[in-house]
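Dear colleague,

Please find below the structure that I am handing over to you. I would be grateful if you could read the notes after it with the coordinates open.

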Amino acid sequence: MADRRGAPRGAPWRRGTPSAPSGRPIPPLGGPLEGTIHAPRTRAVARPRRRGRWLTVGVPVVLGGSLGVSAFMVLGVAALIGGAGLVGPALAGLGIAGVIGGGTHLLVRNRGPRRTLQVAASASMPTGTRTALEAILRTSRTQQRRITKVRRQVRHPAVRELTDRADLLLRRIGALLATESMQSRRPSDDDVMLLEGMAERYIPDLVEALENTAGFLATDREEAAARAQANLRSVESQLASLDAALDRVEDDLIAHVTRSLDVHSAFLDQRLASRSADPLLDPDGR
């Protein structure tokens, strides 16, 4: 789980800890490694092969174009024999080329890996929780793609900064969905419903407001530009409120872990102290 600066929250790193190429500290290997052992020549860990452009683009263009031209020639000859014009055959050929080419491209296009919910090792999900969390995750991914599209279209620095903040909120929501505490709750839990509302309503509405306001920031009308700036300030304020709500959820999760550690530590202190007080168990006892 990360804070707004991208650094792990509550991470027990100390100064002098080696850093990764990105500059973040590398956690010490203090526990057993977990994972799946694969054969030396397995393809399970290999990068998935991607089809070349000659297949994903070239084949649909050639197939659609050839069928479109063929249809135009056949229909054009028939139209000329019948005394009609070539407008109808030309439109029919273009339609056939578009349908055949587009359908072929959909069949042979490169598909990205399906992103699923990362289930914690010891998380026991109640009925309906997985469905609710996966729906939130899918919505978050969709909104992240939309934010990427808005960022490409809008060059205004204020809008880009706010879209970056919205994208960071969605990433933090995805990190919360992968925690054991969140996966062990019911779909009607307040925090689960809060994350659902953020991903499906609040953040999408704010991104839409940014998209609709961006065009009025460079207008010559002072009144319209002032209203656009006011909209940006309103979006910034609401994003700050959502950020504070996520801070509260993260702090609650960390506080829960802290309480568990304190109880565990108190148990160990009491248990070890009682065992060391027993002369039969004390190796130094006389």
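This is a predicted model: local features need pLDDT of at least 70, side-chain atom pairs count only at pLDDT 80 or more; totals for chains, interfaces and linings use all residues.

Residues are numbered from 1 along each chain as its sequence is written, and side-chain values use heavy atoms, with hydrogens and water left out.

Overall composition

The protein chain holds 7 helices and 0 strands, and its elements run α-α-α-α-α-α-α from the N terminus. Both kinds of element are DSSP runs numbered from the N terminus, with helices being H or I of at least four residues and strands E of at least two. Of the 286 residues in the protein chain, 26% are buried; buried means under 20% relative accessible area, exposed over 50%, and partly exposed in between, with a 1.4 Å probe and protein chains only. The accessible surface of the chain is about 20000 Å², and carbon and sulfur atoms hold 56% of that surface (Shrake-Rupley method, 1.4 Å probe; for residues, only the protein chains shown count as cover). Among contacts with a separation of 6 or more, 68% join residues 24 or more positions apart, where contact means heavy atoms within 4.5 Å.

Helix 2

Helix 2 covers residues 87-108, and its 22 residues should span 32 Å at 1.5 Å a residue, which agrees with the 32 Å between its end C-alpha atoms. The expected span is 1.5 Å times one less than the number of residues. P89, G93, G101, T104 and V108 are the buried residues of helix 2. Seen down the helix axis, these buried residues fall within an arc of 85°, so they line one face of helix 2; the arc is that of the directions from the axis to the C-beta atoms. The face turned away from this buried side carries the exposed residues V87, L91, L94 and V99. Helix 1 (53-82) is included in what covers the buried residues of helix 2.

V69 is found in helix 1 and, at 47% relative accessibility, counts as partly exposed.

Q144 belongs to helix 3 (residues 129-153) and counts as buried at 9% relative accessibility. Neighbours within four places in sequence aside, Q144 is in contact with D167, L170 and R171.

R186 sits in the loop between helix 5 (180-183) and helix 6 (190-213), and its 55% relative accessibility makes it count as exposed. R186 and T127 are 59 residues apart in sequence, and their C-alpha atoms are 7.5 Å apart in space.

A224 lies in helix 7 (residues 222-277) and is buried, at 15% relative accessibility. Not counting residues up to four places away in sequence, A224 touches F216 and T219. The C-alpha atoms of A224 and T213, 11 residues apart along the chain, are separated by 9.7 Å.

R201 lies over the face of Y202, 5.7 Å from the ring centre; a charge sits over a ring if NZ of Lys or CZ of Arg is within 6 Å of the ring centre and within 35 degrees of the ring normal.

With kind regards
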